[in-house]
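Please read it with the model open.

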Amino acid sequence: MRLLIVLLFPVQLLFALTLTDNQTRYSHFSLPHLYDKDRQFTIQEIPAQKFQEGANQFTYGYQEGAQWFRLDMNNTSGQEEFILTFSDPLWKSFELYHYDGQTWRSDQAGLFTPLIERGIHNITPAFRLTIPKGESIRVYLRGESSSGQLGKVELFSAEEFYRPTRLHLHDLYLFFMLFLAIVLFFNLYLYWNRPVKLYLFYVLYIGALILWIAVKGGFYLRLDFPGWDEGLHTTGALLVALLTLFSREFLQLQERFIRLYKVFSGFVWVFFGFTVAIALDIPHTPLLFNITSSLFFTLLLFSSIKVWRDGHLEMRYYLIALMVYMPTMGMLTLTYNGFIDNHDITRYAFLFGSFAEVIFFNSLMISHYHIIFKDKIRMQNELLTLKEANESHLEKELKLRVNELEIANKKLTEQTKELEITQKQLEIEATTDALSTLYNRRYVLDVSGRLFDSAKRYNQPLSAVMIDIDDFKRINDTYGHAMGDEVIVHCANILKKITRSSDVLARYGGEEFLILLPNTPNDKVMELSSRINEVISTDRIPYGSQELIQYTVSLGITHLKEIDMSIDQLIQRADKALYRSKAKGKNCIEFL
């Protein structure tokens, strides 16, 4: 997709996106568009073309031509650096053109542009824009896609875009993929213990679902694989083929309805054929696949109802899974084809549908595993009955075994819950200091490297402040170690109140604390340090019934320098500054 930036005349600013200091993210605005069916327009010709009104979240279905967009921006804010993003990583080409008053300059993204060659190394296209204060620009966007022309254009301030705590849609994809990986390994365990085809087909289906999510989210681009514009349809066809295979086995059509079994087997081969045909980029195969899969899902629903009405009550859970999964995937398909508007619900409801489907399917796998286990016990008991001719004894034995199984299941559930709680506690303990509830030294050493790399890469400031409680040994010797711990807790609470959420605050040693301040001007660092010194020097801690304990801290400050090759150099310099502060007389601030 190509983005073109030109200066606007005042009459053209009527519908411009106004950038203010009150907003850091712009998610809803007008985005006029133009469809270039024959890909004939050049950037020089586009400004003279007539655009149709549109929104920044859109879907125009499957189209072979190029789609152009236009975005006008009027900067009334105090910021000049912005990031323009696009939500969908599956567009083949995605380019940005900027008119600098003399010539057009371009920046490229999209599937066919490796991450290393993009201006911003993001899976989804993102472009850096500089908009001078009080000035206006026009942005043109151009792109081509084989998987449906839809997506969402958003504008962020540079600070908001690089905020470490900003939630990305890809975080949800990663969580879902992790959940699917757990389900996959669990069913591999079931297959290992009961090697039946049902578990194998389900494992293959879950594996294909993970692959499809990875392609849809563009995660494979991180591994330096080349862009694959037909990847979504190819993996989608493979996914449906394996779902057909699994459903045929789960519904036991070969034993119950032989004709349906043959029809399902035919669909399996058809969908595998679509997988190969789409991968080879044979024209019109994605459309034929969509039509065929719609017919199959109708047949699947009919077959499930037929099996359920035939007296197999476990099918009700399979039907519930389909009734949740099919509408959400249907909305996604209709959105890609441009039949319904592209909203967050219509676009991403498939995540909920797929999650619910996997939950229900996995419950059925566990239930099926339990049934197999019970059938095995039943067959053993029947053999014992025939052999010993003692039915009453066998019934009692069966009840006893079932009760033992239920008790074992309860114990397993309790142990699983205890394990989850223990794991969460270990994660917290691994990164948190128990006394001060601040991050510990291990965590800050892990995260500091990332802050250092980011500051170096984007030429942003990074400061370190080392803090030490003065005469802490005297406090311990005079008032006891319990009061020494109380002083550390008081000091930590004050630091938490004064520092920002973007700062990294940690207990670095016994009575030492470390603050890393990313993207913070040097004068603000000095103000923060002075504030810390001032507030702590006035802090009083009750001791006994009348006495109040006063304590002070010394601070060492340093900023990132061009010659710094690692975060260790920055922290060591802050530590030297602290040493100077101590030597200077304590209760003071020293900059190095």
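1. Start at Glu590. Glu590 is buried, with a relative accessible area of 18%. Buried means under 20% relative accessible area, exposed over 50%, and partly exposed in between, with a 1.4 Å probe and protein chains only. The partner of Glu590 in a salt bridge is Lys584, with the closest N and O atoms 3.5 Å apart. Lys584 is exposed, at 58% relative accessibility. A salt bridge here puts a side-chain nitrogen of Lys or Arg within 4 Å of a carboxyl oxygen of Asp or Glu.

2. A word on the source. This is a predicted model, in which local features need pLDDT of at least 70 and side-chain atom pairs count only at pLDDT 80 or more, while totals for chains, interfaces and linings use all residues. Residues are numbered from 1 along each chain as its sequence is written, and side-chain values use heavy atoms, leaving out hydrogens and water.

3. How many salt bridges does the rule give? The count comes to 15. Side chains of opposite charge can pair when their charged atoms come close.

4. Look next at Lys582 and Asp468. Their side chains meet in a salt bridge at 2.5 Å, N to O. This pair links distant parts of the chain, 114 residues apart: Lys582 sits in helix α15 (residues 567-584) and Asp468 in strand β13 (residues 462-469). Helices (H or I, at least four residues) and strands (E, at least two) are DSSP runs, numbered from the N terminus. Lys582 is partly exposed, at 21% relative accessible area. Asp468 is buried, at 7%.

5. Arg163 pairs with Glu160. The closest N and O atoms of this salt bridge are 2.8 Å apart. Is Arg163 buried, partly exposed or exposed? Arg163 is partly exposed, with a relative accessible area of 33%. Glu160 counts as buried, at 15% relative accessibility.

6. Last, His559. This residue lies in strand β18 (residues 553-559). His559 is buried, with a relative accessible area of 11%. Which side chain makes a polar contact with the side chain of His559? That of Ser463, at 2.7 Å. A polar contact is a pair of N or O atoms within 3.5 Å; within protein, one must be able to donate a hydrogen and the other to accept it, and residues adjacent in sequence count only if both atoms are side-chain atoms. Leaving aside residues up to four places away in sequence, His559 touches several residues, including Leu462, Asn522, Asp564 and Phe591. Contact means heavy atoms within 4.5 Å.
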